[in-house]
Amino acid sequence: MALIVLLALSVLGFIPSRAGECEWDVRLCKTEPVSTEMYCLGTSGMDVRDLDPVEMQKSMEFPYYLKLDLQCGFKESSGRAVLEDSITGLTPEAVVTFQEPTHPTHFRPQRLEVELSVASLSDNATCGSEMCEFSWYAPMPIINGSVVYRVKVKSIEMGSQQLHEKSFALNVNGYMVTTEKGENEASFGTEIQAIEDVLRVGSPSHPLWSVVDHAPVLLLPGIPGLAAVLMTATEFQHTSLIEVSLKSPSGSRECLQVESSMIQETLSTESSLFVIHNQELYRFLGNYSLLPLRVPPSDAWEKLLSAVCVSGLVPVSVPHHGREYFYVLGGGLQSGTLYRAEVYDGDVTFTELVDSIGFTACEIVAFYKNLKRSTVNNPGCQVRSAAQNAQTDVTDIILVELLFHEDQEHSYILLTFDGDFQMTEILPEFILYSQRQRHQETSSLNLKFNGMTLNPSTGILYIWGNSLIFSYILTWEDEQSFWHDSGFPSDQMIKYFTLSYDGTFVFVTEQEELWWGQERTDSVFRLRPSQGWNELSHLQALSGDHSTLTVFYDGDKELQEVLYTVDLDGKGSVVKRKIPVVEILSFSHLPFLSTCPFDLEYSVPHIESFNRLQRYSFNPQLVTSSSELHPTRSLALYQGLVYHLLQLHAQYLMVIGDPKESPISRMEHSCNGVLYKVTVTDKGMVEGQVFPGEKLLPFSVLFRIGISPRQCFQQTDRGMVLSGLQNLPVYIGCPPGNRLVFDASTAVLEAVRLNRRNFSCLNPDPVTPCFYYKNLFFPILLIQDVVLGESRKFLGSYTFKIVGGGPHSRKNIQLYTPEEVLRYNSLNYRSQKARIWDIKGCKDDRTTCNVTEDGFFIFNGTRNNGIRWLCQPNSPCADVLSKNPAVSPRFFFIIEVSNRDTETYCSHTFRFDILVHDFPMSSSRKCYIVLVTVACFVGVMVTSRSIF
């Protein structure tokens with residue numbers, strides 16, 4: 001039987017690990033300051049002391065290198081495998097993905113990926129042979145604003161063994177400090193080395209709460225008998241057990257129900273950590289110089305909501321509008337209350353959700369149900385959970401539990417809150433099992449719900465407890481319907497629920513059963529215990545005892561399990577392993593294994609136009625030594641190249657061309673079958689305009705072939721996959737990577753062509769285009785797509801304002817105040833004789849040109865908008881004199897352009913500067929010179945007559 005199972009697993013693509021097989025490994029390394037030799041760091045993540053943007057700019061280099069290695073069981077076999085496989089053609093490549101920050105203030109939102117070819121560097125500086133053991137290295141690029149990094153290692157040429165690509169989380173750990181002895185330790189507590197003295201096999205698992213894809217450091221609570229947490233900056237590739245140093249661990253007498261030394265709940269955001277201990281909420285702000293934090297980092301845990309007994313946290317896993325959110329549930333004397341927490345640039349603020357009268361959720365339910373208002377502090381009313389719908393404006397969805405009857409029956413009500421409460425739904429006692437059923441079925445099950453989870457991209461709200469029901473909130477304006485996920489037994493209670501945000505979800509029950517499901521389907525499947533799980537555990541048995549600490553989806557949306565294991569010697573460790581969901585599910589279909597009745601080729605044409613992902617590819621310089629090994633100085637040059645080019649990227653100094661072909665290669669498929677082309681369009685229901693990449697609204701489109709989900713398994717080079725179901729993420733808004741720019745070279749040429757004369761500057765500024773005062777100025781704008789490397793002429797409408805300037809040189813430039821901008825540009829202030837410019841052909845009566853309410857001209861990109869320089873007497877350029885007789889008078893102008901289109905989601909505002917030369921004298925100065933000249937002439941004549 002074991003042989004049959006082994007063969008089946010081989011057919012399914014699951015090959016049990018054998019001694020000697022290798023997999024990729026990545027470590028962070030630095031060069032010694034004196035010897036320049038390479039040494040590798042610990043496992044706690046990137047040290048913030050090395051990541052000061054100012055210091056990196058001074059040194060023009062990144063602090064870290066990536067060391068790519070093979071893990072083959074033992075160190076000796078790993079080094080030998082690197083040497084042998086490189087000889088047979090194995091070459092790795094590192095792909096670094098940067099997670100843009102929640103609130104990108106220092107630079108525009110971007111999606112960036114860097115492909116790095118490796119340089120081979122000897123591990124033994126004294127080795128003189130051409131067969132020295134070596135490792136592969138590449139620069140580790142860092143960009144300002146990003147603290148979450150993902151490194152994927154893949155083989156671009158295959159050696160003697162086939163290695164699957166592997167991803168690693170290498171995040172910035174802002175919670176480490178250096179002691180006087182030069183050792184690293186946690187800033188918020190003390191690390192416990194002997195974890196077997198604290199952790200226990202068989203302890204219940206706990207949810208891992210964080211802001212998805214944005215939290216660099218994760219915390220896991222639930223350490224029995226101690227105020228401690230498990231901390232990781234590498235998605236549990238490496239883990240530390242930290243005893244938390246809290247100032248007031250005893251709690252408040254009004255809050256405590258059962259005193260416990262354990263940390264009950266934790267939540268990780270981009271910049272902060274939050275923990276609950278004895279119904280008190282604490283926060284620790286990390287030390288992140290790469291983030292635009294408005295408050296200094298913490299040196300101790302800070303108690304929040306000191307007057308509130310906290311019974312629990314509810315995470316909001318997806319940030320919205322540049323902010324992170326979560327909910328705080330009140331307990332004790334504040335039972336039935338709810339607070340919304342908002343984290344913005346390190347600042348955290350709390351808002352109690354009460355209506356305009358001051359009613360809480362429980363009080364408003366009591367009002368609607370004609371109950372006594374004292375219900376708010378009664379166990380009969382509890383706020384069980386909350387979710388945030390932020391597709392347009394932030395709306396809170398609140399789950400309230402009522403328990404009034406002697407027979408302990410529960411009743412649940414949904415409320416929405418947007419400044420006032422609205423009762424949306426009393427959850428039914430029956431369950432609508434499926435849309436395909438024409439009759440309504442009721443259940444005798446007494447429903448009990450523990451929590452609620454919303455996926456903002458699909459608009460599906462899950463309510464879970466001893467059952468799992470879901471609803472599409474985007475249809476609530478028409479009606480509210482709930483569906484039941486079948487397959488889940490009524491004798492189980494869901495303990496926590498986790499979304500992948502990629503079309504699947506899992507949940508863990510109080511009995512530690514693990515269940516899996518796909519969104520927009522109506523059934524769930526048990527992964528543990530199951531036949532597939534038992535066989536997997538038998539073939540991949542861990543030595544000693546072990547138990548699950550948590551399950552979570554990593555940055556690649558792969559389901560991972562974190563376990564505590566104790567080996568035969570009593571040594572404890574925390575390990576992570578991937579849960580092969582498809583292989584486990586396929587066991588129920590083993591007797592019916594066959595090829596799928598279709599061949600699905602799923603592709604999005606011109607994908608780079610939609611995913612908005614910019615890619616750069618770097619290669620190290622060639623070496624001339626016979627061993628082809630790089631010296632350390634060669635690796636430093638490679639790093640400098642990467643730094644310089646990414647700096648140009650950050651400054652938007654790339655040359656934008658119009659290539660005929662996309663810079664990213666595409667594959668076209670052809671087969672004998674039916675080709676379906678699907679077009680996804682926007683109904684234009686989202687109002688307002690935003691800057692490129694900001695406040696994107698996530699949605700998703702599900703493509704499903706018949707009843708294929710969970711019934712069609714296909715073998716690929718990456719293992720077994722479920723076929724027939726494809727989830728396509730869709731974002732509505734202004735695409736990242738678009739920008740409005742001034743086409744300086746074309747504007748200079750057009751000025752010469754349309755004015756039919758050329759008066760160039762004698763001493764032009766090298767970075768500023770120069771224009772003749774008496775010529776009409778024609779601003780020409782482009783829309784640039786920095787992702788595709790394309791540009792096109794901007795044909796929309798826009799406003800044009802001069803917001804700064806100065807005579808002679810750039811050092812004299814000053815920005816104007818808002819009042820001055822109005823005086824110098826607006827028709828509303830024309831009586832002050834201070835305008836700098838106007839449009840040829842436009843009169844001051846507003847009848848011939850479009851003008852805003854503030855009096856600013858509205859330009860149209862389809863016409864030649866000739867600007868005429870006025871420099872009226874009260875303007876800053878009214879009387880410009882040259883200090884050098886050989887140079888004509890000139891003036892620098894800072895111009896601000898903002899688009900006025902209503903047919904686009906994009907709001908573009910940018911500034912550029914131009915130089916205008918050969919200013920004429922003002923009338924008063926001309927008169928003055930004439931008078932002085934006449935006076936001098938008369939004086940000379942009088943003097944001449946007196947002499948003679």
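Predicted model: local features only at pLDDT ≥ 70, side-chain atom pairs only at ≥ 80, totals over all residues.
Biologist: Why is Phe 326 called buried, and what is Phe 350 called?

Modeller: Buried means under 20% relative accessible area, and exposed means over 50%. Phe 326 has 0% relative accessibility, so Phe 326 counts as buried. Phe 350 has 23%, which falls in between, so Phe 350 is partly exposed.

Biologist: Why are Phe 771 and Phe 777 called edge-to-face?

Modeller: Their centres are 4.8 Å apart and their planes are at 65°, so the pair is edge-to-face; the angle cut-off is over 60 degrees. As for accessibility, Phe 771 is buried at 5%, and Phe 777 is buried at 1%. The search of the whole structure finds 44 aromatic pairs.

Biologist: How do you know that the charged end of Lys 801 sits over the ring of Phe 856?

Modeller: The distance from the ring centre of Phe 856 is 4.5 Å, and the limit for NZ of Lys is within 6 Å. The position must also be within 35 degrees of the ring normal. Arg 111 likewise lies over the face of Tyr 731, at 4.8 Å from the ring centre.

Biologist: Why is strand E35 called largely enclosed?

Modeller: Six of the six residues of E35 (residues 504–509) are buried, so the strand is largely enclosed by the rest of the structure. Thr 504, Val 506 and Val 508 point one way, while Phe 505, Phe 507 and Thr 509 point the other way.

Biologist: How do you know that E35 pairs with E34 and with E36?

Modeller: Two strands pair if there are at least two bridges between them. Five bridges join E34 (residues 494–499) to E35, and five join E35 to E36 (residues 514–518). Therefore E35 pairs with E34 and with E36. Both pairings are antiparallel. Ile 494 has Thr 509 as its bridge partner, and Thr 504 stands opposite Gln 518.

How values were computed
Residues numbered from 1 in each chain as written. Heavy atoms only, no water. Phe/Tyr/Trp six-rings, centres within 6.5 Å; stacked < 30°, edge-to-face > 60°. Buried < 20%, exposed > 50% of the residue type's maximum accessible area, 1.4 Å probe, protein only. Helix = DSSP H or I, 4+ residues; strand = E, 2+ residues; numbered from the N terminus.
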